[in-house]
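Visitor: I would like to learn how to read salt bridges in a model. Please take me through them.

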Amino acid sequence: QLQLVESGGGLVQPGGSLRLSCAASGSTLDGFMIGWFRQAPGQEREGVSCITAGRRTIYADSVKGRFTISRDSAKKTVFLQINNLRSEDTAVYYCAANRPSRLLSAQGVCAILQGYYNTWGQGTQVTVSS
C-alpha cells in the first residue's frame, strides 16, 4: 500500500526559503494527483497546492507566486519549494495522494480539497520566526 513521508521542515527566518519533500513507498506516484496542505495551531487544515500526473498545478491565492510544487521523473517524490516565508506560513505541512476521479481525470486537473485524497503523510513542521 502507498505510504507518504514528508521531510524538510524546520525553523526559518522571515524571507527565507525551504524545500519540503514528500517521498512515496509501497508504490510509485505514477497516475496519482498529489496535494500539499497545511494546518496552523487552532486553525482548520487548508489546501496549499496540487499537481496532476501531467504536471498541471493549482495554487491557493495565499501562496501563489511564492510556492512551487513539482514531481520528479522517477515518480517517487513530490516537492514544495517555499520562498519568501512569512510568519503566517507557520504550520504543519502534509502531503496527500489519490488517483483522480473520472471528472478530474477527464479535465486533466487536480483539487486542493481534503476530501479528494485518501493517503496522507504524517506532516512536517514549518516555523517562521526571527
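Guide: Start with the network: salt bridges link Arg-38, Glu-46, Arg-66 and Asp-89. This is a predicted model, where local features need pLDDT of at least 70, side-chain atom pairs count only at pLDDT 80 or more, and totals for chains, interfaces and linings use all residues. Residues are numbered from 1 along each chain as its sequence is written, and side-chain values use heavy atoms, with hydrogens and water left out.

Visitor: What is a salt bridge?

Guide: Side chains of opposite charge can pair when their charged atoms come close. The cut-off here is a side-chain nitrogen of Lys or Arg within 4 Å of a carboxyl oxygen of Asp or Glu.

Visitor: How many salt bridges does the structure hold?

Guide: Four. One of them joins Asp-89 to Arg-38, with the closest N and O atoms 2.9 Å apart. Asp-89 sits in the loop between strand S8 (77-82) and strand S9 (91-98), and Arg-38 in strand S4 (residues 33-39), so the pair ties together parts 51 residues apart in sequence. Strands are DSSP runs of E, at least two residues, numbered from the N terminus.

Visitor: Are Asp-89 and Arg-38 buried or exposed?

Guide: Buried means under 20% relative accessible area, exposed over 50% (1.4 Å probe, protein chains only). Asp-89 is buried at 0%, and Arg-38 is buried at 6%.

Visitor: Which salt bridge does Arg-66 form?

Guide: Arg-66 pairs with Asp-89, closest N and O atoms 2.8 Å apart. Arg-66 lies in the loop between strand S6 (57-59) and strand S7 (67-71), 23 residues from Asp-89. Both Arg-66 and Asp-89 are buried.

Visitor: Where do Asp-61 and Lys-64 meet?

Guide: In a salt bridge, 3.1 Å from N to O. Asp-61 is exposed at 65%, and Lys-64 is exposed at 51%.

Conventions
Helices (H or I, at least four residues) and strands (E, at least two) are DSSP runs, numbered from the N terminus.
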